[in-house]
Amino acid sequence: MQITALAGGVGGARFLRGLCDHLRRRSDLSDARLTIVGNTGDDITMFGLRVCPDLDTLMYTLGDGIDESQGWGRVGDTRTLQGELAAYGVQPQWFGLGDLDLATHVARSQWLGQGATLSEVVARLGARWGLDRLGVTLLPMSDDPVETHVVIDDEDGRRAIHFQEWWVRHQAGIPARTFTAVGLDRARPAPGVLEAIRGADVVLLPPSNPVVSIGIVLGVPGVRDALRGCAAPVVGVSPIVGGAPVRGHADACLAALGLPTTPDAVAGLYEDFLDRWLVAPGDAAGMRRRRGLDVLERPLLMRDRTSAAELAGAALDAALDAGPRRG
Ligand code: FO1
């Protein structure tokens with residue numbers, strides 16, 4: 001059984017850890033393998049190092065190295081090096097890089113500098129975190145550089161800032177006029193990405209940010225077409241409950257696209273390939289009827305690993321009992 005998921009950071013990582021926990025209890029699916037296509041649009045070069053927030057969040061969460069309270073970075077990390085950089089006046093200081101986390105960025109930057117592809121780097125880093133043992137293959141969406149930038153209006157006029165500066169420094173507090181993913185239109189799917197979609201028995205869209213996480217992965221040329229044409233049922237989980245994102249700033253991202261913060265608006269972004277859509281109890285009523293789309297109400301809040309595993313199990317079961325895809 002080949003399960004393929006497109007994912008961003010914190011919400012996607014918690015959902016997919018839940019899926020791994022759930023699969024461990026499914027003796028009927030003991031041959032299941034999970035391929036994750038991770039968003040790289042959040043990537044940023046900081047202090048001369050290449051940082052891949054969503055790939056690292058997925059890797060640390062699945063490998064049990066994540067700082068659970070933050071949802072990113074390493075558990076038990078310290079900021080000694082960053083303090084030293086601040087003492088030297090090195091900027092920026094609005095992005096928290098812990099000492100343990102920095103080792104990941106140093107290793108990645110060294111290997112990239114030696115000519116390794118991002119896919120090769122992800123495989124080497126992931127091996128240390130035991131992803132193979134979990135039956136997980138983590139792929140970057142592309143080995144080509146892609147960076148999401150946010151166009152804002154401020155006292156300096158209209159300009160683009162890196163997504164991380166908008167998301168972390170400004171906590172998405174400055175209205176985004178639009179998002180531009182630099183390099184996305186020229187990015188090639190990383191090796192194995194299209195094959196993982198085309199060969200999947202199940203495709204899952206975890207409750208990641210639909211605009212700047214899953215939306216960017218969908219923008220890699222070839223990915224959306226592969227999802228439209230794949231044999232596997234495509235099941236998504238709404239990142240919006242009621243009228244608010246479960247976490248993060250998906251509302252600010254949807255607003256930039258002129259969309260309301262509703263499960264229906266997000267389903268509309270996926271409607272050309274989505275087969276089933278999990279929404280929170282009570283949210284199905286607000287859904288427009290869409291041809292070929294089944295809407296299922298399930299508890300969506302992942303308060304802990306147990307509830308995350310239950311949600312992931314519900315999404316997997318929704319895929320397994322979905323009929324053949326519409327022609
Ligand atoms: N998020 C924050 O809100 N503040 C930070 O200082 C911060 C640092 C950081 C460092 C490494 C990393 O992998 C992620 C980090 N994040 C931080 C989270 C990151 O901005 C988001 O997880 C994603 O990019 C959005 O999904």
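This note goes through selected local features of a predicted model.

1. Helix α5. This helix spans residues 118–128, and its buried residues are L118, S119, V121, V122, L125 and G126. Viewed along the axis of α5, these residues fall within an arc of 155 degrees, so they line one face of the helix. An α-helix has 3.6 residues a turn, so residues three or four places apart point the same way. The cover over the buried residues of α5 includes α2 (53–62), α4 (99–113) and β5 (136–140). Just after the helix, G130 has a positive phi of about 75 degrees.

2. Packing of α1 on α2. The crossing is right-handed. From α1, the residues V10, G12, A13, R14, L16, R17 and C20 take part, and they meet T57, L58, T61 and L62 of α2. By class, this contact has six nonpolar, three polar and two charged residues.

3. S238. This serine sits in the loop between β10 (234–237) and β11 (240–241). Its relative accessibility is 1%, under the 20% cut-off, so S238 counts as buried. A polar atom of the S238 side chain lies 2.7 Å from the backbone oxygen of I240. Leaving aside neighbours within four places in sequence, S238 is in contact with P207, P263, W277, L278, V279 and L300.

4. S213. The loop between β9 (202–205) and α8 (214–218) holds S213. With a relative accessibility of 5%, S213 counts as buried. Not counting residues up to four places away in sequence, S213 touches G8, G9, N39, D54 and S208.

5. Backbone points to check. Most residues other than glycine have a negative phi, and most peptide bonds are trans. F47 is not a glycine, yet has a positive phi of about 55 degrees. F47 lies in the loop between β3 (44–46) and β4 (49–51), and is partly exposed, with a relative accessible area of 25%. A172, also not a glycine, has a positive phi of about 55 degrees. A172 is in the loop between α6 (163–169) and β8 (176–182), and is buried, with a relative accessible area of 13%.

6. Cis peptide. The bond joining Q91 and P92 is cis, with omega at about -5 degrees. P92 belongs to the loop between α3 (80–87) and α4.

Notes: Residues are numbered from 1 along each chain as its sequence is written. This is a predicted model: local features need pLDDT of at least 70, side-chain atom pairs count only at pLDDT 80 or more; totals for chains, interfaces and linings use all residues. Side-chain values use heavy atoms; hydrogens and water are left out. Helices (H or I, at least four residues) and strands (E, at least two) are DSSP runs, numbered from the N terminus. Buried means under 20% relative accessible area, exposed over 50%, partly exposed in between (1.4 Å probe, protein chains only). A polar contact is a pair of N or O atoms within 3.5 Å; within protein, one must be able to donate a hydrogen and the other to accept it, and residues adjacent in sequence count only if both atoms are side-chain atoms. Contact means heavy atoms within 4.5 Å. The arc is that of the directions from the helix axis to the C-beta atoms. A crossing is left-handed if the near helix is turned anticlockwise from the far one by less than a right angle, and right-handed if clockwise. Ala, Val, Leu, Ile, Met, Phe, Trp, Tyr, Cys and Pro count as nonpolar, Asp, Glu, Lys and Arg as charged, and the others, Gly among them, as polar.
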